[in-house]
Amino acid sequence: MIRKDQSALDYLYDHYSGALYGVVFRILKNEAIAEEVLQDVFLKVWEKIESYDSAKGKLFTWMMNIARNQAIDKTRSKESSKGRKTDDIDYLVNKIDIQEHSQLPIDAIGLKEVLLKLSEDQQFIVNQLYLKGYTQSEVADEFNIPLGTVKTRLRLAMIELRSILDIK
Amino acid sequence: MNIEEYISSGILETYALGELSAKEREDVEKNLQQYPALRDELSKIEETMEAVLMKAALNPRAEVKQKLFEKINKVPEGKVVTMAQESSSGWRYATASSVAIALLSSYLAYNYWGKWKKSESNLTELIAQNQRIAQDYNNVNLRLDQIETDLKVTSNPDFTRVVMKGAPNSPQSQYLASVYWNAQTKEVYLSIQQMKELSKENQYQLWAIIDGKPVDCGVFDFGVAGLIKMKSAFAVPTTFAVTIEPRGGKPSPSLETMQVAGNLAKG
């Protein structure tokens, strides 16, 4: 019915593979597994592109959620069952500088600068939810913060980020 | 519904993170359709999230892309959509086809967006190219104007051409330059045919020999194309000569540096 144009996938890959790989890698912390999951993510995007509905959200959000879910599913499988919850809070901001992995962050300095403008509470929430891929209830359980507080902090962080990133 | 309260509850952030139950999702989607303010807020949340994750991007190795495309090319393209067999009502088909049209158009919209981005960058390139061509055209025009002016001198019978050849003490006898001298107006023009390149400290200086004495006709640089207007020579010279002098010229010539010289034909 719909003849798919591979140049479309090519375009999506070139634009978003970095951001999605970042999402997947930070959850899985293993290059080989993260690469495998990234491929699965794009295969799924490719298969399901017809079911994407722009009324329900942006294309990036849709792809990001696929990536997040695939990666979280993978952590639940035995392949990488440990390690996910044992990192210290500053995992991203510090590790990205240390570059212990072969991947180079595309814009890590920019990210660090942006995050450091947030309050510590907000940095923590953004780091856990967007970068490390925890769910809100996981953060609440893990760190003994009421779920409502997690949501409020995220909300405030988003408003702050909006002005830092100049999103109108 | 109080929109502000709804937004500040953080439910849209949770929605964008894909963490709502199916029931809650549906509710949010209904509300989104109903309230433009919610759509607006959601899109800001999504843009912020996208901007953060773009900044946190990591490059996968290049082989990953290659492998992905290999996999995709193994899977047959597209999928067969099977329709329900019973054709009891036309609604079924109407719905199916409207869904198909909706899917197709959202896909096309996205696909054309990509193409649009591409043509936008092509356009920028073309504009730059256009500016280059306009610049070239201007340069050619200027050159043409100069050649026209030069032609007025060289084709004017009032001008006498004096060919200056390599001077006896010049190392290269093939050096050549010409002077156009107008006996009526006393104007002097010079054109270089072949001269050696000079260092920045030096310039050529043209002299008119009048009554056995050299008179300064001005300095010129190496490598000027076309005619150069020099100082007028007010008496009738017998000879024109060019020497190498320090930049700016000298009041009297250093004869040992004479490069070319030529005599004015008598008549």
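Predicted model: local features only at pLDDT ≥ 70, side-chain atom pairs only at ≥ 80, totals over all residues.
Local features are reported at pLDDT of at least 70 and side-chain atom pairs only at pLDDT 80 or more, while totals for chains, interfaces and linings use all residues. Residues are numbered from 1 along each chain as its sequence is written, with chains lettered from A and ligands numbered from 1 in the order in which they are written.

Helix α1 of chain A covers residues 6–28. Helices (H or I, at least four residues) and strands (E, at least two) are DSSP runs, numbered from the N terminus. A straight helix of 23 residues would span 33 Å at 1.5 Å a residue; the expected span is 1.5 Å times one less than the number of residues. The end C-alpha atoms of α1(A) span only 28 Å. The helix has a kink of about 55°, centred on Tyr16(A). The bend at a residue is the angle between axes fitted to the seven residues ending there and the seven starting there. Just after α1(A), Lys29(A) adopts a positive phi of about 55°.

Between the chains, 58 residues of chain A contact 47 residues of chain B. Contact requires C-beta atoms, placed from the backbone, to lie within 7 Å. On the chain A side, α1, α2 (31–48), α3 (59–76), α5 (108–116), α6 (120–131) and α8 (147–164) each supply at least two residues. α1(A) gives the most, with 10 residues. By class, this side has 32 nonpolar, 14 polar and 12 charged residues. Ala, Val, Leu, Ile, Met, Phe, Trp, Tyr, Cys and Pro count as nonpolar, Asp, Glu, Lys and Arg as charged, and the others, Gly among them, as polar.

α8(A) packs on helix α4 (residues 36–55) of chain B at an angle of about 70°, with the axes 10 Å apart. Axes are lines fitted to C-alpha atoms, for helices over the stretch in contact, and angles run from 0 to 180 degrees between N-to-C directions. The two helices are therefore roughly perpendicular (65 to 115 degrees; under 35 is roughly parallel, over 145 roughly antiparallel, the rest oblique). Met158(A), Leu161(A) and Arg162(A) meet Lys44(B), Ile45(B), Thr48(B) and Val52(B).

Chain B holds an open, antiparallel sheet of eight strands, in the order β5-β4-β7-β8-β1-β2-β3-β6. Strands pair if DSSP finds at least two bridges between them. The edge strands are β5 (213–220) and β6 (228–230). The twist averages 30° from one strand to the next. Two bridges join β1 (residues 159–166) to β8 (residues 258–263). Lys165(B) has Ala261(B) in β8(B) as its bridge partner.

How values were computed. Contact = placed C-beta atoms within 7 Å.
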